[in-house]
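Let's walk through this structure together, one piece at a time. Keep the sequence and the 3D view at hand as you read.

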Amino acid sequence: MSSLPDVPLSVLDLSPVSEGTTVGETLRNTLDLARAAERLGYHRYWLAEHHNMPGIASSATVVLIGHVADATERIRVGSGGIMLPNHAPLVVAEQFGTLEAFHPGRIDLGIGRAPGTDQRTALALRGPGGLSAENFPENLQELIGYFTHSEARGVNAVVAEGNQPPIWLLGSSGFSAQLAGRLGLPFSFAHHFAAENTIPAVQLYRENFRPGVLDEPYVMLGVSVVAAETDERARFLAGPSGLTFLSLRRGRPIALPTPEEAAEYPYTEMDRAFLAERFGSSIIGSPETVHKGLERLLADTGADELMITTMVHGHADRVRSYELVAGLKS
């Protein structure tokens with residue numbers, strides 16, 4: 001059975017834009033957090049692709065990965081994930097081949113099939129009659145193929161050849177779980193926003209696993225965590241994430257508000273019920289509370305790695321949360 005001292009801990013960063021800060025400050029905070037994560041012993045630092053959201057600055061994901069890798073020395077850096085339907089496979093292969101050539105042995109290519117945005121923005125990214133999630137398995141195979149040379153194909157991603165980073169599949173349902181298993185790839189599941197599907201998807205992945213890139217299945221879970229010195233303080237800091245999601249659901253996306261604003265917001269009973277369901281899988285509290293929550297998740301799933309995502313308004317509070325979580329392994 002997995003337990004916290006035995007599993008690697010990693011970071012998923014959406015580069016949250018807090019109210020009152022600029023995108024430039026946000027991106028510099030991402031570099032600062034990446035350096036802190038490396039110092040604290042985190043295994044990977046992944047950036048997520050999202051578009052047209054005032055509260056997220058990681059939309060140019062590949063560019064940001066390059067800067068984070070330049071700013072660090074040892075920690076693995078990658079995508080959590082690149083949404084393949086938004087990009088031509090050839091372009092992704094060239095981009096990640098280049099990153100791997102600059103930073104050999106440190107780059108991860110996490111691939112997802114969701115748009116990472118609303119449908120109107122997805123259309124702007126892909127163009128009319130452009131790429132589609134319906135062809136995801138074929139596009140994934142095309143992407144993987146570009147990391148080796150093929151005379152028959154006639155089109156080659158020169159910078160990608162011999163520079164293939166580890167490829168992960170990301171998912172929030174059973175589709176990518178089964179595909180990752182059949183291809184023998186590592187699988188990262190979005191427990192932080194699809195907790196009801198976690199155990200079924202992990203089971204599907206393991207049941208469908210065939211040795212390929214890996215000899216044995218490997219599961220990483222994305223987990224939303226806010227740690228602070230007390231449970232009360234952690235719940236206070238976690239408030240803005242809920243209000244941000246509520247605004248997004250209503251079609252009015254906002255930057256991450258202050259915890260004071262979130263605490264004073266006039267939530268309806270329906271709002272509170274929705275947030276309780278949506279964030280029920282979040283682990284929020286003191287180090288002791290967070291330790292119990294993470295150990296329980298590992299016991300329930302047997303995950304091989306946990307990827308922690310922390311969305312709070314203050315940069316210092318975010319760094320402190322990761323410090324407290326890292327301290328749980330000792």
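Strand E10 is covered on both of its faces: Glu305, Met307 and Thr309 point to one side, Leu306 and Ile308 to the other, and all are buried. In this predicted model, five of the five residues of E10, which spans residues 305-309, are buried, so the strand is largely enclosed by the rest of the structure.

Which strands pair with E10? One of them is E1, which pairs with E10 in the parallel sense over three bridges. If you find valine 11, you can look across to its bridge partner in E10, isoleucine 308. Strand E8 (residues 219-227) also pairs with E10 in the parallel sense, over five bridges. There, serine 224 has threonine 309 of E10 as its bridge partner.

Now stay with leucine 306 for a moment. Setting aside neighbours within four places in sequence, leucine 306 is in contact with Leu4, Pro8, Leu9, Ser10, Met220, Leu221, Val223, Leu294, Leu297 and Leu298. Leu306 also belongs to the largest nonpolar core, which has 67 residues, and together with Ile111 and Leu294 it has the most contacts inside that core. Apart from this core lies another, of ten residues, among them Leu14, Trp46, Met220 and Met307. As background, nonpolar side chains in soluble globular proteins tend to be buried together.

Ile111 takes us to another strand. Isoleucine 111 has leucine 169 of E6 as its bridge partner, and E5 and E6 pair in the parallel sense over three bridges. Is strand E6 (residues 167-171) mostly covered or mostly uncovered? Mostly covered, with five of its five residues buried. Ile167, Leu169 and Gly171 are buried on one side of E6, and Trp168 and Leu170 are buried on the other. E6 is also joined by three bridges to strand E7 (residues 187-189), and the two run parallel. Here glycine 171 stands opposite phenylalanine 189 of E7.

H3 has 14 residues and reaches 20 Å from its first C-alpha to its last, close to the 20 Å expected at 1.5 Å a residue. Its buried residues are Pro89, Val92, Ala93, Phe96, Gly97, Leu99 and Glu100. Seen down the axis of H3, these buried residues fall within an arc of 160 degrees, so they line one face of the helix. What covers them? The cover includes helix H2 (61-71), strand E3 (76-79), strand E4 (82-83), strand E5 (107-112) and helix H5 (136-145).

Let's finish with some loop residues. Threonine 72 sits in the loop between H2 and E3. Is threonine 72 buried or exposed? Its relative accessibility is 5%, and the cut-off for buried is under 20%, so threonine 72 counts as buried. A polar atom of its side chain lies 2.8 Å from the backbone oxygen of valine 68. Beyond its neighbours within four places in sequence, threonine 72 is in contact with Ala34, Arg35, Glu38, Val77 and Arg106.

Histidine 51 is placed in the loop between strand E2 (44-47) and H2. With 11% relative accessibility, histidine 51 counts as buried. Its side chain makes a polar contact, at 2.7 Å, with the side chain of glutamate 49.

Threonine 22 lies in the loop between strand E1 (9-13) and helix H1 (23-40). At 44% relative accessibility, threonine 22 counts as partly exposed. How many Å separate the C-alpha atoms of threonine 22 and leucine 123? The separation is 27 Å, for two residues that are 101 residues apart along the chain.

Conventions. Residues numbered from 1 in each chain as written. Predicted model: local features only at pLDDT ≥ 70, side-chain atom pairs only at ≥ 80, totals over all residues. Heavy atoms only, no water. Helix = DSSP H or I, 4+ residues; strand = E, 2+ residues; numbered from the N terminus. Expected span 1.5 Å × (residues − 1). Buried < 20%, exposed > 50% of the residue type's maximum accessible area, 1.4 Å probe, protein only. Arc of directions from axis to C-beta. Contact = heavy atoms within 4.5 Å. Polar contact = N/O pair within 3.5 Å; in protein donor to acceptor, adjacent residues only side chain to side chain. Core = buried A, V, L, I, M, F, W, Y, C linked by side-chain atoms within 4.5 Å. Pairing = 2+ DSSP bridges.
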